[in-house]
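This report describes selected local features of a protein model. The sequence and the structure are shown first, and the description follows.

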Amino acid sequence: MHVVQDKKEQRKAYEPPPVSPTVYPIPEKFNSYQDYVNIFIPHLLQEAWEQSYQSWSQLKTLNSYPQICAVYSGVERSSTTTSSQTFEKYTWYSITTKDTYEAMRKNDHLGEKFLVIIKDYGHYLKSKDREMDQKYYQPNNFDQIGYIEKIQLHSRPGSLEQTINTFKPVASLVTIVRQFQAVSFLPRSPVCKHILLPGRQDVFYEKVTISDSEKHSLKHYNESQQLAICTASQMILGNPQSPKIGLLQGPPGTGKSSTVVGIVEKVLQFLGSNVRICLCAPSNNAVDLLIKRLDDHRKKMVNTEFASALSIVRIGNAECVHRDVKKFRLSDIFQEECIKCKWPA
């Protein structure tokens with residue numbers, strides 16, 4: 001297992017809200033599952049903040065900030081009591097048209113597990129002479145933060161009140177939610193003890209020694225990234241009977257995605273275009289980010305073995321692919337080849 005170390009110069013200029021009295025560096029071994037939770041949860045909270053901030057900043061650069069309008073709403077309150085505290089949960093139900101939702105979803109601006117800003121314009125002031133319009137509502141003077149837990153298709157509003165609200169997307173938390181679930185489900189995993197105490201060489205590949213020439217070829221990476229790239233590539237290229245599990249862990253913003261790009265480059269340098277590499281990730285956004293990083297790196301490495309050997313194909317639900325990497329979808333590549341060869345599509 002390799003830990004990508006944090007560097008002060010790699011951190012962002014802004015600071016997230018406090019999530020824990022202490023945020024500990026990630027060790028290579030953990031004393032217990034609770035020790036794993038205590039160390040990782042603050043890092044996941046910081047990563048949730050960083051992803052939300054970056055997504056919100058990008059949305060603000062658009063010509064018009066995307067938003068969705070809902071014309072019916074209702075609130076349900078429930079309480080949960082623990083040994084020391086009572087928590088109240090407010091569930092907000094809203095209805096919008098299917099066309100509006102599909103338009104937002106197509107642009108990756110809305111979906112389940114999304115963080116949103118809610119503006120409540122209050123109850124509609126009924127009048128036979130007036131059409132429903134925001135100017136005839138009494139808006140609240142503050143915005144609220146909401147989380148879209150579930151989206152369902154309904155044929156009628158039911159008992160919800162006729163109001164008007166707007167939802168502005170902040171960020172998709174799909175990946176973060178799955179990471180929290182992974183932490184909570186770790187005790188059920190058959191490799192739990194190996195993740196907490198990764199010492200067995202029949203499970204994990206052992207670290208390698210990096211030569212001076214390799215360090216020079218990887219000079220754009222820091223020391224821990226260099227070690228991860230060399231170890232992972234040697235694990236892939238080495239004896240087929242050797243252990244093939246490598247665990248790379250690191251705090252947000254420390255270059256884990258860049259390290260994956262470095263591993264792919266190293267493998268392609270040795271095996272060329274004959275090799276097939278399958279990159280998987282826990283969400284569509286994570287897959288698209290890796291593809292974008294690989295494509296950006298290829299553009300920097302023009303006229304190299306890596307650039308000529310790399311051919312990217314994005315596999316998965318075509319509707320969930322980010323617009324920046326749609327050209328790598330299998331259907332788009334096929335259509336382009338048909339046009340080049342003048343075949344009927």
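## Local features of the predicted model

Just after helix 10, K342 adopts a positive phi of about 60 degrees. The structure is a predicted model, and the values below are computed from it. Helix 10 itself covers residues 330–341, which amounts to 12 residues. From its first C-alpha to its last, helix 10 reaches 16 Å, close to the 16 Å expected at 1.5 Å a residue.

L330 lies in helix 10. L330 counts as exposed because its relative accessibility is 54%, the cut-off for this class being over 50%. Together with V313 and I315, L330 forms a nonpolar patch on the surface. The accessible area of V313, I315 and L330 together is about 320 Å².

The aromatic residues are considered next. Five aromatic pairs are counted in the model. In one of them, the ring centres of F30 and Y36 are 4.8 Å apart and the planes stand at 70 degrees, so the pair is edge-to-face; this class requires planes over 60 degrees apart. Ring pairs also link F30, Y36 and F40 into a cluster. F30 and Y36 are both buried.

| Residue | Relative accessibility | Class |
|---|---|---|
| F30 | 1% | buried |
| Y36 | 9% | buried |
| L330 | 54% | exposed |

Another ring takes part in a contact with a charge: the charged end of K60 sits over the ring of W56, at 3.8 Å from the ring centre.

Key: Residues numbered from 1 in each chain as written. Predicted model: local features only at pLDDT ≥ 70, side-chain atom pairs only at ≥ 80, totals over all residues. Heavy atoms only, no water. Helix = DSSP H or I, 4+ residues; strand = E, 2+ residues; numbered from the N terminus. Expected span 1.5 Å × (residues − 1). Phe/Tyr/Trp six-rings, centres within 6.5 Å; stacked < 30°, edge-to-face > 60°. Buried < 20%, exposed > 50% of the residue type's maximum accessible area, 1.4 Å probe, protein only. Lys NZ or Arg CZ within 6 Å of the ring centre and 35° of its normal. Patch = residues over 30% accessible without salt bridge, like charges linked within 9 Å, V, L, I, M, F, W, Y side chains within 5 Å. Areas by Shrake-Rupley, 256 points an atom, 1.4 Å probe, with all protein chains shown as cover. Salt bridge = Lys/Arg side-chain N within 4 Å of Asp/Glu carboxyl O.
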